[in-house]
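Here's a quick tour for anyone meeting this structure for the first time. Have a look at the sequence and the model, then read on.

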Amino acid sequence: MITEINFDGIIGPTHNYAGLSRGNMASASNAGDVSQPRAAALQGIDKMRHNLALGLPQGFFAPLDRPDAAWLAALATDLDSAEAHLRAQAWSASSMWAANAATVSPAPDSGDGKCHLTVANLVTMPHRSHEWQGTLAQLRLAFAHPAFVVHGPVPAPFGDEGAANHMRLCAGHGQPGVEIFVYGVGGGRFPARQHLDASKAIARHHRLDPDRTLFIRQSDTAIQGGAFHNDVVAVANERVLFTHETAFEDRTAAHAQIRAAFPEVEIVEVPASAVSLPDAIKSYLFNAQLVSLPDDVGMGLILPTEARETPSVWTWLEAHVAGNGPIRRLFPVDVRQSMANGGGPACLRLRVVADPATVDPRFMADEATLDRIAAVVAAHWPEAIAPGDLASPALTADVRRARAQLLAALDLTELG
Ligand code: SUG
């Protein structure tokens, strides 16, 4: 049975605030703060528990091996002698944002009837450019079944940030869909991270039908306003596109293209007059998981608690839910530790539409597995990391041990 499975990145023991992502307002404004890796990971686990309780299938990915000594070695340095910026880039726990792990095209969309995944190269940001090797190893393990095809990264310099810039519209998850790739054009103060050539290469690799594949330009206003990925200003689920007015460069043409390719679409647009772009970005209203709730009760929005604390956002949402809109339920979740680095509920998950029976069961979550993960986190994740701690050999040994304990608990030691 084909269904949507959300794979969340388990927040790793090296989670810290190094201010590494230019154009990501939260990362910049929290640079230098003391992080709380243990609390962060437990928040992520609680989000998974919440979604399981809603009856939604849930999977996860393990954190990558950080600090990344092999990457520093390729730069002819090591943890002791690396310049501070390189050391911080080696330490990043950024693989937690699984929406940037890969782009996924479910089997009904592909010419060969398989579910295709292309690991994201993440070349725009140095601290993320060395994620793909570890992520690819994990994708190859989780999706080894012949129902899947896992592709290596698109070559540099064509930046690709995965599912965060990709949306899918369909009558039901198991039906053929229309895939929308959103790309940016560089030249502004903040980088455009998703290149059109990368998106087109992925569409070719995934054997998508050109008539059901759209390439839409993200608005410069959004990128320069701090929406470094499209999923900060838009999200789609089944026949609904939930979007801010400023998401696309040519709004009218974009909506027309989408309607032409998928006439059943319901575009729920939030006007800038109701929620300003800064409020949308601060609250991460659109970085929500828009999900079809079991038992036909309509759609639910799993959104960060920051959305409830932003008056314009909450007012708009309450009015929508009280009216006849497709979003029937609101579920605020606390992922503040991730949010402080610019990662909301939707950043933390990768959607894979597939039969759960074809996924390696070690990557699927149930309450007992989440209990096991939480126990390892509680026992081994550092409570706090201050910027100066990244030079500490003792902390390095601790975080390596912590990850090894998790891999052992999940029977995933081959990811070692
Ligand atoms: O790439 N933050 C991530 C946040 C990614 C959010 N993902 C999606 N929107 N799907 C990024 O900017 C900050 C790390 C630091 O500064 O330490 C960071 O990488």
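Strand S9 and strand S10 (residues 240–244) pair antiparallel, with four bridges between them. Strands here are DSSP E runs of at least two residues, helices are H or I runs of at least four, and both are numbered from the N terminus; a pair needs at least two DSSP bridges. Alanine 236 has leucine 241 in S10 as its bridge partner.

## About the model

This is a predicted model, where local features need pLDDT of at least 70 and side-chain atom pairs count only at pLDDT 80 or more, while totals for chains, interfaces and linings use all residues. Residues are numbered from 1 along each chain as its sequence is written, and side-chain values use heavy atoms, leaving out hydrogens and water.

## The whole sheet

Zoom out and you get an open sheet of three strands, ordered S9-S10-S11, with mixed pairing. S9 (234–237) and S11 (266–270) sit at the edges, each pairing on one side only. From one strand to the next, the twist averages 15°.

Helix H8 (residues 251–261) packs on this sheet and touches S10 and S11 (contact means heavy atoms within 4.5 Å). The direction of H8 makes about 160° with that of S11 (axes are lines fitted to C-alpha atoms, for helices over the stretch in contact, and angles between N-to-C directions run from 0 to 180 degrees).

## Two helices side by side

Elsewhere, the axes of helix H2 (residues 37–53) and helix H13 (residues 367–380) come within 10 Å and cross at roughly 170°. That's why H2 counts as roughly antiparallel to H13 (the cut-off is over 145 degrees). Residues making the contact include Leu42 and Ile45 of H2, and Leu370 and Ile373 of H13.

Definitions and conventions:
Angles under 35 degrees count as roughly parallel, over 145 as roughly antiparallel, 65 to 115 as roughly perpendicular and the rest as oblique.
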